[in-house]
There are 8 protein chains.
Amino acid sequence: MTASGNAANFNGQKPTIDPADTAMLLIDHQSGLFQIVKDIDVPQLRANAIALAKAATLLKIPVITTASVPQGPNGPLIPQIHEAAPHAQYVARRGEINAWDNPQFHAAVKATGKKTLVIAGTLTSVCLAFPSIAAVHEGYKVFAVVDASGNHSRLATDLTVARLAQAGVVPIDIMGTLSELQGSWNRPDAQEWANVYTQAMPHYQLLIESYIKAQEVANNHEVLDSQRK
Amino acid sequence: MTASGNAANFNGQKPTIDPADTAMLLIDHQSGLFQIVKDIDVPQLRANAIALAKAATLLKIPVITTASVPQGPNGPLIPQIHEAAPHAQYVARRGEINAWDNPQFHAAVKATGKKTLVIAGTLTSVCLAFPSIAAVHEGYKVFAVVDASGNHSRLATDLTVARLAQAGVVPIDIMGTLSELQGSWNRPDAQEWANVYTQAMPHYQLLIESYIKAQEVANNHEVLDSQRK
Amino acid sequence: MTASGNAANFNGQKPTIDPADTAMLLIDHQSGLFQIVKDIDVPQLRANAIALAKAATLLKIPVITTASVPQGPNGPLIPQIHEAAPHAQYVARRGEINAWDNPQFHAAVKATGKKTLVIAGTLTSVCLAFPSIAAVHEGYKVFAVVDASGNHSRLATDLTVARLAQAGVVPIDIMGTLSELQGSWNRPDAQEWANVYTQAMPHYQLLIESYIKAQEVANNHEVLDSQRK
Amino acid sequence: MTASGNAANFNGQKPTIDPADTAMLLIDHQSGLFQIVKDIDVPQLRANAIALAKAATLLKIPVITTASVPQGPNGPLIPQIHEAAPHAQYVARRGEINAWDNPQFHAAVKATGKKTLVIAGTLTSVCLAFPSIAAVHEGYKVFAVVDASGNHSRLATDLTVARLAQAGVVPIDIMGTLSELQGSWNRPDAQEWANVYTQAMPHYQLLIESYIKAQEVANNHEVLDSQRK
Amino acid sequence: MTASGNAANFNGQKPTIDPADTAMLLIDHQSGLFQIVKDIDVPQLRANAIALAKAATLLKIPVITTASVPQGPNGPLIPQIHEAAPHAQYVARRGEINAWDNPQFHAAVKATGKKTLVIAGTLTSVCLAFPSIAAVHEGYKVFAVVDASGNHSRLATDLTVARLAQAGVVPIDIMGTLSELQGSWNRPDAQEWANVYTQAMPHYQLLIESYIKAQEVANNHEVLDSQRK
Amino acid sequence: MTASGNAANFNGQKPTIDPADTAMLLIDHQSGLFQIVKDIDVPQLRANAIALAKAATLLKIPVITTASVPQGPNGPLIPQIHEAAPHAQYVARRGEINAWDNPQFHAAVKATGKKTLVIAGTLTSVCLAFPSIAAVHEGYKVFAVVDASGNHSRLATDLTVARLAQAGVVPIDIMGTLSELQGSWNRPDAQEWANVYTQAMPHYQLLIESYIKAQEVANNHEVLDSQRK
Amino acid sequence: MTASGNAANFNGQKPTIDPADTAMLLIDHQSGLFQIVKDIDVPQLRANAIALAKAATLLKIPVITTASVPQGPNGPLIPQIHEAAPHAQYVARRGEINAWDNPQFHAAVKATGKKTLVIAGTLTSVCLAFPSIAAVHEGYKVFAVVDASGNHSRLATDLTVARLAQAGVVPIDIMGTLSELQGSWNRPDAQEWANVYTQAMPHYQLLIESYIKAQEVANNHEVLDSQRK
Amino acid sequence: MTASGNAANFNGQKPTIDPADTAMLLIDHQSGLFQIVKDIDVPQLRANAIALAKAATLLKIPVITTASVPQGPNGPLIPQIHEAAPHAQYVARRGEINAWDNPQFHAAVKATGKKTLVIAGTLTSVCLAFPSIAAVHEGYKVFAVVDASGNHSRLATDLTVARLAQAGVVPIDIMGTLSELQGSWNRPDAQEWANVYTQAMPHYQLLIESYIKAQEVANNHEVLDSQRK
């Protein structure tokens, strides 16, 4: 076999994300659906979806959003996604569960001209999985960001990951996605990327807080409280 | 590789469920066997199996049920499945553990004329896995609904999912199955589908209860109790 | 110390529930608040609250219900409680978080003439705990049914149980409460009690299903499927 | 026994928090120490500590903060506490592990004139437990907010709660504390209290988002997307 | 306070088990009820109950057993208890949920002449808790062996332990009970006690298997397989 | 792709176990190594390994056992395997970690003339994985019974299952293995198979105990205790 | 009640550890018994027991150790305890399970002249609990360090903590114990205390490693790798 | 399919590690990043990474290390890796997230002349996954040691393992890696390998401690304490 393994549509290329060829689809991140999510803490899910949107903004990656009947119990799209990606295009559907089945959504994806899709959607088994499988079948390279999606049980997520991998979709997590998009810390907007990680990773925030203080102590020759007279 | 990945028998088609080509097999959902189930809460398992039966009824998908020696410790078939799918056909076996090995069961499947099978069975490792692998080997497209099945341990389920995927069976969860069968909310029986989800997803039930009340408050101009004089 | 331990207000009596001296308070079981519950599965919580209501109905124990601003995000009272206890009295509040602080609620409790209270409320830390502590302080014997209440985390529940026990409230679970109310299977309404347990305990339901079938097999001299020719 | 149970220093009063007699002590919420916390998710801990500070601000309750050698590996105080309680008084120590042992800290508490203390501190076993036990011994009524504290293991927290209850400290959670301080939704600053809960309880935030949208749909007579032509 | 703490009826004596003053009550260990048990693995529960019976046999402690309607769905008493304690007395009840309420059972306990009771019962919240609280109220010293009992949820067990401790019952585990009964390894039947532990503790069995082999290797001067030529 | 999926060496045959072509390898089930096992309870592991040996005995499947330096800290082979499979052949190694590397072991496998291997071994990552991968490479069909093996962490097991599936080994659980070997309940030794399941599945044992009692009650017209006068 | 709560033998004093009045008992930390421990990771248990020994050495607190039949399957005392506390006195027993029952052990404790005991022992339910309860009964103030002990299940630990608290023993964790012994960072041996914490708390070790590096970077004006040319 | 399955670049060879053709890459094991790790305990992660380094030293396998901006919040490389592998070569990067993108690192790997890579890196999703996928694409055989890496969540690890397997990387655990490198216990440095396992597996350490003592008892004819007069 070749090095590209079972990932679909790579045709011998390295199965990684090329930001220049990428569009991002953020599907059905709605406050009602979030109540059903059990495979990830809701604040983490919200933070991860926002982090995707911010990364897309930093890299000027096209973003398309949509919602499943937001006038009903599924609830409204969480507002932070469009706040983090002001350039995102919202496409209303007409009840299609698979966003890919909506002609306007499908056309919007095609109009980006990109052949690599980074997708997240709530519920993972449905709103992420259905468009991912459909897009692979049409020849797209698809990266499914499972921990920016949210599902009704961990078991359901495991089943969906197995189904996605079987269909040639590349399963990926939030940190893998962000870091593959960023590529290097040796870039002018490095601080903005640090902010993205800080919001998505609470323990990274702690690291930075402690790091800054430790340097201040050294630079200012502060005395330890326990050594004060 | 093609976009259809490792899912068996799709021959380049998108590896999704076509309701028009589908029969449903609900195998060995028996009260004794349910006592052994450890990978999913029993009420959720019962609800998921019933939801499958209801969806099949809404779509007039043929349903075949069977039980493993229900006169012994395995116990009777749970009655709600035939209540939810009155058109279901029950096939008694003669002790074969793999339902597929029973000639009457096999003939009943064949008689549906369908080439796509949605299967659930307790225990997952046995009653779901054996017919699924056998059906794939005979050329069927098979979707194994693991969280409508039930198994003796989570580890055993993970092993079975790996085995099923390796054999070309498509692993799937209850929400993926229901939503792929439904396709769209823009259909006359949308309310009946909402009822299916309500039963299978307790948090969706809460959403609907709260949603209806919130709209009543708005429509009736109700005053908040905390603002009453 | 005496045998009555730290349970408040028993004055040397055995610290158990006397159904003849008991009123039941079911507080704030609302569909919105249920979304916040993390210490027990919501279907189990719903079933346990209903079971309490049914037991009260069987024993003609007075039931008082109330809700916290049901016109707002907390959502409506789940309808099954009044269905299971048609004799229950609903008391609207005016924003008081502690139901005991509402004069109408307090008067309703007093009007029952009972000195033992069985209380459940969502959230456990607030809607169960506050009236329980207040009632003990007024001299009531109080049984707090924690697993018919629901809380935002298991840690919060553990803290609340410690606080309640410290205050002299008796912590109790659903099965202890139901069985202490029932007392004996040797009573005319035994079958109705079995129904209560069946709804609240899914594995008990399985036991009964299997038991009935096993007896039918014996009584009808059914042959095992695996022994059929 | 009396209704006040084992809670120390209540002398027959109801063992609840009287905001008018309360000072709040927020001890050692430092970014380094937060890395050690294992009994609660760090974002939840951060949110709970901030919620305490906000509630104190709303009620003008005196707040005293301190840190354990913030110039060393323990790291700086998280900045959000003083942002949420601008009136808080910071007291530097000289290495004393038990803040109560620091004369300035002790004097600051005494200067408030309050006899009820709401305390949170990281680590729970040390920075919360030591001052709580010391304050009870001096005659204060003490409420230890364990899920706004943070500890190195859940087992350690359980041991500490047992120790605190044994010493007459009242263990309490964040929701019990906030709601006991608030008292009623029937107050002019009700919306500000809702904001406090929204930040500390992610699922409550979802409820409010969905509630507002559901009312907008009703008020604006919006059509469901799935019913659009 | 005295050293005997809150344990009821010790009157200044050390709150430990005196085998010479002890009777053992093993209540409702039935195969149907075991299906409901969720707070301990069923094989461990079965082994622990058997270990209690064996220890009683070694020490000639009186054992009284009973069952709750074993002709119904609760199922038969597990046979191993009477096998392990052939001297045990079985007392049939007439539907009383609390065994203590059955006159024959109560008389049988009284007839032992013992004032210390070691009790285990399935379900913990009911079959263990009710007789324990009643016995304390009558002046018995009671040790409730919670992990030889079995309950419908871990939360329910925690609530029951809090209730039992509040009522003056001493909560205890299987190893504490067995070791307090045994007292010393310096006794003629030490090997029989080792067998009791081996059955109840699988990892102790491994220790003994490895220990015996290691000594055989040393005594027989066996060569390591990896050092064979 | 064909229906046989990624399972190695099936060449278009259904990827299931043919008892007539099967040898069983039980590797390094030693009391010391069992102390390291963390992915399954040790009693369950012991029972599962014994169940494999019993099934092989019922079907006269050749069994080969071996141990890794049983004279050292790894400890002796657990004796129950040879007790359950008296026909098993023990092959001593000379320190080779992969049993397949030992010429005598390899020859013993070859001498069986079977081309399908059912393998279990402690640790899963090593003693099961290494011979499984080697045997596949030599053209054997290999079924790796992961929950009759035992590993140092659940994460390690998940990694090993992924590696095994990638290498063409079929991952399988104990129930799948036993049931695929048994095939049907309609066979003369059905009762002996029931005994195998009873030992390996504690909840199945409960089912049988309750089933027998329920039939006795019906056949003997026993009166419920709760209906006795 | 007084501020000293239910802790036994404090007689109105603050229920905290006075190092000057303290002896430490480290009981049965043996390599075989450690295999049985399930309520805490073994490396953490080993580290916590060593940390106690080191703290005692820093403060010259008398330490008494003992072992339960170390010539048998229980295995030898782990050597690190005497390495960390070279001044510790080892007392051999004669098979008594409760170390307190051994006259030499009891005499050794008495000979220290201390009235406060810090005790840890494996298993918690037995080797920690029995001497703790006995010592309280003789008038000692006892602190039971549960997470430096180790038990066969978490449930058993919870039961034992409830029993200990009921008997007047003070339950405590490792960090509470170490910090109460240390008292202040403002002491000449502060660095040695930091080393004690570093060994017992892996995340504290990380904090210190990162802190030192951050200060070095500041002091040496190191350039970030990502800013190198 | 062939026996080598989906593992990339084996070309029909057995997909196992040949130590003679292997280089080891240990990437970004830094004290700050370790604070973020949630899928494995940090002490275990540290021990596993060290064990890899030691095994490489024993076999003279080339080791290349690197760190991601160690001057910033990610913190310094843990020192134990170079202590355990003094021959390791450290390569500084210039901010590239994927070490493979750094020309010096890539050249260092190539200079080893090895075609098989054993890789571990923190975070698993990034620092392990990116170079692994890149190396497979260049034709290397790659073994990714996931439990010597460390990731921000268990879900992220599961997603990464699926991605790695899909890309043809071989997922493996620490024990599989060490044992495949060692090959046999029948070698002169067997004792040094035992030391490697002892450090990485705490329960193996216990086995060895108990084994040595058991043999000493036999060899020295020690009397059991419980049999002393």
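Two residues count as in contact if their C-beta atoms, placed from the backbone, lie within 7 Å. This is a predicted model, where local features need pLDDT of at least 70, side-chain atom pairs count only at pLDDT 80 or more, and totals for chains, interfaces and linings use all residues. Residues are numbered from 1 along each chain as its sequence is written, and chains are lettered from A and ligands numbered from 1 in the order in which they are written.

**Stop one: chains G and E.** Select both. Chain G gives 34 residues to the contact and chain E gives 33. On the chain G side, α5 (124-137) and α6 (154-167) each supply at least two residues. Helices are DSSP runs (H or I, at least four residues), numbered from the N terminus. The largest share, 9 residues, comes from α6(G). Colour this side by class: 16 nonpolar, 14 polar and 4 charged. Ala, Val, Leu, Ile, Met, Phe, Trp, Tyr, Cys and Pro count as nonpolar, Asp, Glu, Lys and Arg as charged, and the others, Gly among them, as polar.

**Stop two: chain E.** Select α2 (residues 42-59) and α8 (residues 190-200) of chain E; their axes come within 9 Å and cross at roughly 170°. Therefore α2(E) is roughly antiparallel to α8(E) (over 145 degrees; under 35 is roughly parallel, 65 to 115 roughly perpendicular, the rest oblique). Axes are lines fitted to C-alpha atoms, for helices over the stretch in contact, and angles run from 0 to 180 degrees between N-to-C directions. Show the contact residues, including Ile50(E) and Leu58(E) of α2(E) and Trp193(E) and Val196(E) of α8(E). The classes here are 8 nonpolar, 2 polar and 2 charged.

**Stop three: chain A.** Select α2 (residues 42-59) and α7 (residues 174-182) of chain A; they pack at about 10°, axes 10 Å apart. So α2(A) is roughly parallel to α7(A). Among the contact residues are Leu52(A) of α2(A) and Leu178(A) of α7(A). This contact has 7 nonpolar, 2 polar and no charged residues.
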